[in-house]
Structures are given as C-alpha cells and as structure tokens.
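Subject: Structure handed over, with notes

Dear colleague,

Please find below the sequence and the structure that I promised to pass on. My notes on what was found follow directly after.

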Amino acid sequence: MAGSLKAPAIKAILIDHLINAIRGNIIIASEVPFIAGKRWADILLIENTSIHAFEIKSAVDSLDRLKEQTTDYLDTFDYVTLVVSKKHVSEARKLITDYVGIVSFDDETGQLKQLRKPQKRLRQRKEYLLNFLWRADLLKIVRKKSPINGQAPEASYLRRKALEIYSKDEIHDMAIVALKGRYGSRYKNFLDERGQKTLIEDLPLLTTTQPELLS
C-alpha cells in the first residue's frame, strides 16, 4: 500500500475495524454535521447510551485547527478519538487533551493501532446536543411539556424553549434517539450492500442530508 492514504481510505479501514471489534447494537454514520454545521464528524459510532466521534487526520492533512476542533468535539460527544497518521502522532499529542483517544495508522500497511483510549466526557454543552434534533423533533418534545398555541413556531424558538425545560441528560438521550432514527436504516442498508469489506464507494450510504442546520 504505497504512498499516503487519503481520508476516505482511512475512513473505510476504520469502519471495518469498528464493525469487527464491537459486539452489540451499533450504528455508524459518516460526515455528520454538528454545532449547526460548524463542524463535521468524520465518523460517528452511535451506541445505546453514548456517541463516539472520530476525527481523521491523514499524512497530508494540517493539524493547525486540531486543538479548536477537538474542543468542539469534546463539548458535544461522549467519547472522542483522533485517528492520525503515524507521521503526526508526536505533534498531535501536544495539541489535544488526555480526554481524546489516539489511534495511529500506518500508511504502508493500512493497519490501525490504539495508542490511547478516550475518556468519557460528562460536560457536553446541551445546546450542541440539541442541534441533533430537527424541527419536527423539537416540536414534539416541546409540546410534551409546554403548550403551543396557533401556528407552530420556528426551530430557533423551539430550541430556546427546549433548553429551558429539559436537562442536559434528557437532551443527550433525545440526541441519541434522533441520530438512531436518522442513520439506523442507512446503516442497515450499508451493511446489506457492503460485501466483505468497506470500499470508498460505500461511504455515501452512511451519510444523510441535514435540512435545518442553520434553523
């Protein structure tokens, strides 16, 4: 496997690793926007009670924004892991906190190696988690606790209202439910179409459009 692996190839290798390593109900998604589209998670691993985000940095990628990127990841997800070329491991360690796991990959062999496990993050910002709920989701949860008279309000109003009436833990659980609903059928379809291993051409099956990123 000559030369430097590009991010899509690394992503395919990572997906296969996760599928083979984890037993139980999981959903994997690709290119998932968060913080209203400010950031995009390369891979999300959605489990019953947690969301694990993976950021990929190939040998040709810059680490200039890595510190700011991982800060936003940690404010949003339960677990965060950096998947990084061996070339960048030393520099990456200086830029990220111990909360962020590190997996290195070898451009020659395509092998992944876990260098550090991620630590669970307990202080996510609930407004970031709430961004995973679309307008229909928000309308449903707000109506459960607060009457809405007349025409349904804008998503921005519903988000403000949800932040007032729900705790961070409640919103966290709602975010998992929303992500499962959004990506569950796509992941099942991906598994049906995938074959023996993931190809770059399979990756679009794990993505979805987000119509209300800036609502």
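Two strands are taken to pair if DSSP finds at least two bridges between them, and the strands themselves (E, at least two residues), like the helices (H or I, at least four residues), are DSSP runs numbered from the N terminus. Please keep in mind that this is a predicted model, in which local features need pLDDT of at least 70 and side-chain atom pairs count only at pLDDT 80 or more, while totals for chains, interfaces and linings use all residues. Residues are numbered from 1 along each chain as its sequence is written, and side-chain values use heavy atoms, with hydrogens and water left out.

The sheet

In this model, 6 strands form an open sheet of mixed pairing, in the order β1-β2-β3-β4-β5-β6. The edge strands, each of which pairs on one side only, are β1 (27-34) and β6 (112-116). From one strand to the next the twist averages 30°, where axes are lines fitted to C-alpha atoms (for helices over the stretch in contact) and angles run from 0 to 180 degrees between N-to-C directions. Helix α7 (residues 168-194) packs on the sheet, where it touches β1, β2 (39-46) and β3 (51-57), and its direction makes about 120° with that of β1; touching, or contact, means heavy atoms within 4.5 Å.

Strand β5 (residues 100-105) runs parallel to β4 (residues 79-85), to which it is joined by 6 bridges. Within this pairing, V80 has V100 as its bridge partner, and S85 has F105. On the β6 side, β5 is joined by 4 bridges, and here the two strands run antiparallel, with V103 standing opposite Q114. β5 and β6 form a hairpin with 6 residues between them, and G110 in the turn has a positive phi of about 75°.

Of the 6 residues of β5, 6 are buried, so the strand is largely enclosed by the rest of the structure; buried means under 20% relative accessible area, exposed over 50%, and partly exposed in between, with a 1.4 Å probe and protein chains only. V100, I102 and S104 point one way from β5, whereas G101, V103 and F105 point the other way. In a regular strand the side chains alternate between the two faces of the sheet.

The core and the rings

The largest nonpolar core has 64 residues, and those with the most contacts inside it are I28, L44, F77 and I141; such a core is a set of buried Ala, Val, Leu, Ile, Met, Phe, Trp, Tyr and Cys residues joined through side-chain atoms within 4.5 Å. The largest share of this core, 9 residues, comes from α7. Leaving out residues up to four places away in sequence, L44 touches several others, including I28, F77 and L179. In helix α5 (residues 135-145), L138, L139, I141 and V142 are buried, and the buried residues of this helix pack against α4 (126-130), α6 (155-165) and α7.

The structure holds 5 aromatic pairs, a pair being two rings of Phe, Tyr or Trp (its six-membered ring) with centres within 6.5 Å, where planes under 30 degrees apart count as stacked, over 60 as edge-to-face and the rest as tilted. The rings of F34 and F77 have their centres 4.9 Å apart and their planes at 70°, so this pair is edge-to-face. Because F34 lies in strand β1 and F77 in the loop between α2 (66-74) and β4, the pair ties together parts that are 43 residues apart in sequence. The rings of F77 and F132, with centres 5.9 Å apart and planes at 45°, form a tilted pair. Both F77 and F132 are buried, and ring pairs link F34, Y73, F77 and F132 into a cluster.

Two further residues

D16 has its place in helix α1 (residues 7-21) and is buried, with a relative accessible area of 12%. The side chain of D16 makes a polar contact with the side chain of R194 (2.9 Å), where a polar contact is a pair of N or O atoms within 3.5 Å; within protein, one must be able to donate a hydrogen and the other to accept it, and residues adjacent in sequence count only if both atoms are side-chain atoms.

P153 lies in the loop between α5 and α6 and, at 16% relative accessibility, counts as buried. The C-alpha atoms of P153 and R135, which are 18 residues apart along the chain, are separated by 9.4 Å.

With best wishes
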